[in-house]
Amino acid sequence: MDTKRTAQTVFGIAVTIFVLVTAVGQTTGDERRANQLTFANRSGVQRTITTADAIDMKNPFFQDIGTNGRTCFSCHRPAQAWTITPEELRQRFDETDGRDPVFRTNDGSNCEGADVSTLRKRRRAYSLLLTKGLIRVGIAVPEHAEFEIVDADDPYDCGAPLTQASMYRRPLPTTNLGFLSTVMWDGRETVKGQAIRSDLLTQASDATTTHAQGAAPSPVQLQQIVDFELALFTAQIHDNGAGSLRAQDATGGPRRLSTEPFCIGINDPLNILPVMPGACATSSGGLDPNVFTIFNAWERTKVPERRAIAQGQQLFNTREFVIDNVPGLNGAPEDPVGTPLRATCTLCHDTPNAGNHSISMPLNIGLTTVARRTPDLPLYTLRNKATFETVQTTDPGRAMVTGKWADVSKFKGPILRALAARAPYFHNGAAATLEEAVDFYDARFNIGLTAREKADLVAFLKAL
Ligand code: HEC
Ligand code: HEC
């Protein structure tokens with residue numbers, strides 16, 4: 001794909017949305033500024049800004065530098081909060097008869113090298129992409145792993161050997177990256193002690209050689225991609241019910257987010273201060289549970305939609321429940337905490353106003369169990385080579401990177417901004433909506449949320 005065409009497509013979308021935005025009554029007259037992109041979504045309007053001079057549509061991020069026609073933009077789209085959504089993918093499929101470069105059999109189809117010779121076969125081959133926006137991440141079991149895969153119940157009969165696993169995951173947004181403490185769901189691009197920026201350089205190179213099947217980009221191109229990504233900030237700016245997310249002294253939107261201080265470990269419940277570039281100079285001295293402060297000013301407003309969002313924020317910060325059996329936290333003997341904890345959502349979503357984990361701490365919150373398996377996902381049986389213990393999971397997670405039994409099905413806690421534009425949620429798209437994401441937590445941790453509390457939490461998450 002040539003760059004010019006890509007850039008035109010992006011602006012084509014931006015212009016359409018400009019009209020939509022006008023219809024919502026949000027015209028500020030600046031929707032098409034070079035340094036920001038504004039898009040409507042179901043619950044309002046979301047904006048990306050750059051701290052550079054302009055959002056450069058000629059950056060290698062948008063260029064075809066691989067061999068299969070893909071660019072980073074094939075899977076990281078500004079209108080979808082820099083990831084992809086099933087809705088937009090189905091539209092792309094229909095417009096191109098399933099030939100857009102995102103539809104490639106190296107990792108876009110359920111099985112590697114799937115038969116895509118007819119339209120019907122393509123629709124079947126790319127079903128996980130079309131229904132849940134999932135990309136196949138294929139990884140071999142590490143050589144000295146403490147476990148082996150002894151069975152794979154594969155709904156697609158891909159015929160892959162048990163020495164590897166196909167894991168179907170949501171692309172993570174390539175925005176707000178200045179808040180990262182871990183790169184990738186399983187942290188596989190994070191090197192201990194190394195700066196996140198360096199992790200992102202390797203990531204951009206690996207993305208080109210794997211997704212785009214190209215040669216590694218030049219060091220200059222890699223710097224350009226990472227500079228581009230690190231300058232982006234994205235957040236919801238307008239809510240259909242509550243109006244401007246900056247009204248009455250609220251501090252929503254990407255501009256404010258871009259000034260939010262961050263260092264690794266900035267709000268760490270366990271005071272584990274990592275030694276690495278970008279880490280805080282001193283320990284945070286434990287957790288301040290009031291992680292989100294965006295809507296503090298709306299706690300006493302008379303506008304009901306605004307009060308609901310403020311109440312949702314307060315629940316997220318302060319509603320306690322029992323957090324137990326979370327491997328990586330308190331689910332195994334080697335974990336930092338030995339007992340169940342009474343805590344809030346912010347025990348794990350602790351980075352101020354960003355919501356990801358402020359230090360690298362992969363956790364298994366129970367999304368990959370047999371009980372939660374859906375028929376469209378594979379189920380792997382892993383066996384510990386030393387103890388012969390077995391476990392079944394839809395995605396072995398970090399264990400495929402480290403080979404450690406203790407790391408089975410651990411994933412990072414992602415950034416919780418610009419959520420409204422990018423359903424479905426969780427690494428495997430298990431929650432089609434934010435309502436379902438909240439229901440997952442209510443069931444998993446027996447929180448006992450009332451219908452009203454759930455609605456407030458969802459209103460808050462949508463306004464991020
Ligand atoms: C075919 C789709 C696809 C393409 C093309 C693609 N990515 Fe991704 N990207 C993904 C998926 C899927 C993940 C998450 C995978 C995981 O964590 O296991 C991801 C994750 C990332 C992350 C990690 C963000 C975080 O929060 O940890 C970054 C950064 C990123 N991609 C940048 C890029 C860049 C730069 C390019 C172009 C060179 C690119 N991607 C091309 C699908 C894609
Ligand atoms: C024990 C740690 C922990 C607690 C407590 C916790 N989360 Fe999470 N959260 C995570 C992790 C880890 C993930 C990523 C899981 C995955 O996809 O595998 C996540 C993902 C999410 C996502 C999906 C984000 C995305 O980009 O897909 C949402 C939404 C979310 N959490 C909301 C909440 C809410 C609301 C609460 C409180 C009711 C909460 N979390 C409590 C650890 C936690």
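This is a predicted model: local features need pLDDT of at least 70, side-chain atom pairs count only at pLDDT 80 or more; totals for chains, interfaces and linings use all residues.

**Sheet**

I started with β1, which is joined to strand β2 (residues 44-50) by six bridges, the two running antiparallel. I looked up one pair by name: asparagine 41 has glycine 44 in β2 as its bridge partner.

I get an open sheet of four strands, ordered β1-β2-β6-β7, with antiparallel pairing. Which strands stand at the edges? I find β1 (36-41) and β7 (243-244) there; each has a single partner strand, so one side of each is left without a neighbour in the sheet.

**Ligand 1**

I then turned to the first ligand. I count 27 residues surrounding ligand 1, and the closest are Cys72, Cys75, Pro171, Trp185 and Ala207. Looking at where the shell comes from, I see β3 (135-140), α5 (196-210) and α6 (219-230) as the elements that give two or more residues. Which element gives the most to this shell around ligand 1? That would be α5, with five residues. By class, I have the shell around ligand 1 down as 16 nonpolar, six polar and five charged.

**Ligand 2**

On to the second ligand. Around ligand 2 I list 23 residues, of which Cys345, Cys348, Phe411, Tyr425 and Phe426 come nearest. Two or more residues of the shell come from each of α10 (434-444) and α11. I checked which gives the most, and α10 does, with three residues. How does the shell around ligand 2 divide by class? I get 20 nonpolar and three polar residues, and no charged ones.

**Helices α8 and α11**

α11 came up at ligand 2, and I followed it to another helix. I find the axes of helix α8 (residues 304-318) and helix α11 (residues 451-462) coming within 7 Å and crossing at roughly 100°. Since angles of 65 to 115 degrees count as roughly perpendicular, that makes α8 roughly perpendicular to α11.

Who meets whom here? From α8 I wrote down Ala308, Ile309, Gln311, Gly312, Gln313, Leu315 and Phe316. Across from them in α11 are Glu453, Ala455, Asp456, Leu457, Ala459 and Phe460. I sorted this contact of α8 with α11 by class too: eight nonpolar, three polar and two charged residues.

Definitions and conventions: Residues are numbered from 1 along each chain as its sequence is written. Chains are lettered from A and ligands numbered from 1 in the order in which they are written. Axes are lines fitted to C-alpha atoms, for helices over the stretch in contact, and angles run from 0 to 180 degrees between N-to-C directions. Angles under 35 degrees count as roughly parallel, over 145 as roughly antiparallel, 65 to 115 as roughly perpendicular and the rest as oblique. Two residues are in contact if their C-beta atoms, placed from the backbone, lie within 7 Å. Ala, Val, Leu, Ile, Met, Phe, Trp, Tyr, Cys and Pro count as nonpolar, Asp, Glu, Lys and Arg as charged, and the others, Gly among them, as polar. Two strands pair if DSSP finds at least two bridges between them. A residue is near a molecule or strand if its C-beta atom, placed from the backbone, lies within 6 Å of it.
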